[in-house]
Amino acid sequence: MTTASAPTAGIPVGPGLSMFDPIFIGIDEFGQHVHITLAYRNLLAGGEPGGGKSGLLNTIAAHAALSVDSRLVLLDGKLVELGQWEDCADAFIGPDITAALDVLRRLQTVMNNRYAWLRAHGRRKVTALDGLSVITVLVDEIAFYSATIGSKQEQEEFVALLRDLVARGRAAGIPVIAATQRPSFDIIPTSLRDLFGYRAAFRCTTPNSSNIVLGHGWAEQGYTATDIAPTNQGAAYLIAEGGTPRRIKVAYLDDAQIAGIADYAAWTRRPTRLSAPTGTRLDWETAA
């Protein structure tokens, strides 16, 4: 996570963006721009409904959709939070646990193939020079797939597959950005939370919920998302690996802005989507 003044030149426009570029996500309490790099990191966002988590996911989705080296995989149980990006995505999964498991298994296969390729070339991670797409996975509401829909066995498999992607995917160019409005130990166990390089705690109702997102003990040190006013939507504490939480205000895109960006991004992706098979749009295994 970096904080810097707004650049005055050299800003990439439209399809010139890359997932290896720093992503602008908002401002800090001093009004300085906040950027994060997600190509080798994962991000967890948690907090009560209406806190601004979807705003953060949409800001990241916009950057990914406009990046020439990114492909989107979206899981949205409500359909409407990430729904406007559907035409930009290789896969868009709604309230269907079977489809969610299928797409995670497929991502796991791509990840394993990429690690086999890296090993064969004596490498440790994918870089921008490799020409491989960064497969950006966004999940809006972990709890829907891990605790609400489907059988107990399916829910447990979803959690296991998601944990594997979060644990191993980043070096293979498969970052995961996930959100939940139920920050509790049964939804986000410590073993899963600690795998996320970035964690953002939006308003929480209890210090314990804030700690579940940021990490144990931060609320007791004064970094608690319970002190965020209910009317201050988009405010959050953001922590990076090895860092200290800092207060930020997430950038906000309204529905009309999202529609405009998504429409343009879908148009730029049209040549690769026209020949893709129905329901998949792109052959991940071929491109992996």
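How do α2 and α4 run relative to each other, roughly parallel or roughly antiparallel? I noted that α2 and α4 are roughly parallel (angles under 35 degrees; over 145 would be roughly antiparallel).

I recorded that this is a predicted model, where local features need pLDDT of at least 70, side-chain atom pairs count only at pLDDT 80 or more, and totals for chains, interfaces and linings use all residues. Numbering starts from 1 along each chain as its sequence is written, and side-chain values use heavy atoms, with hydrogens and water left out.

Entry on the helix pair. I found that the axes of α2 (residues 97–120) and α4 (residues 152–168) come within 10 Å and cross at roughly 30°. Axes are lines fitted to C-alpha atoms over the stretch in contact, with angles from 0 to 180 degrees between N-to-C directions; helices are DSSP runs (H or I, at least four residues). The contact (heavy atoms within 4.5 Å) includes Leu101, Leu104 and Tyr115 in α2, and Phe158, Leu161 and Arg168 in α4. By class, I listed 11 nonpolar, three polar and five charged residues there.

I looked up the largest pocket and noted about 660 Å³ of space in it, a volume being the space filled by probe spheres set on the grid points. A pocket is an open set of points on a 1 Å grid where a 1.4 Å probe fits, with protein on both sides within 12 Å along at least five of seven lines; lining residues have an atom within 4 Å of a point. Its lining has 33 residues, with Lys53, Ser54, Gly55, Glu81 and Asp140 nearest the centre. The largest share, five residues, comes from α1.

Methods:
Helices (H or I, at least four residues) and strands (E, at least two) are DSSP runs, numbered from the N terminus. Angles under 35 degrees count as roughly parallel, over 145 as roughly antiparallel, 65 to 115 as roughly perpendicular and the rest as oblique. Ala, Val, Leu, Ile, Met, Phe, Trp, Tyr, Cys and Pro count as nonpolar, Asp, Glu, Lys and Arg as charged, and the others, Gly among them, as polar.
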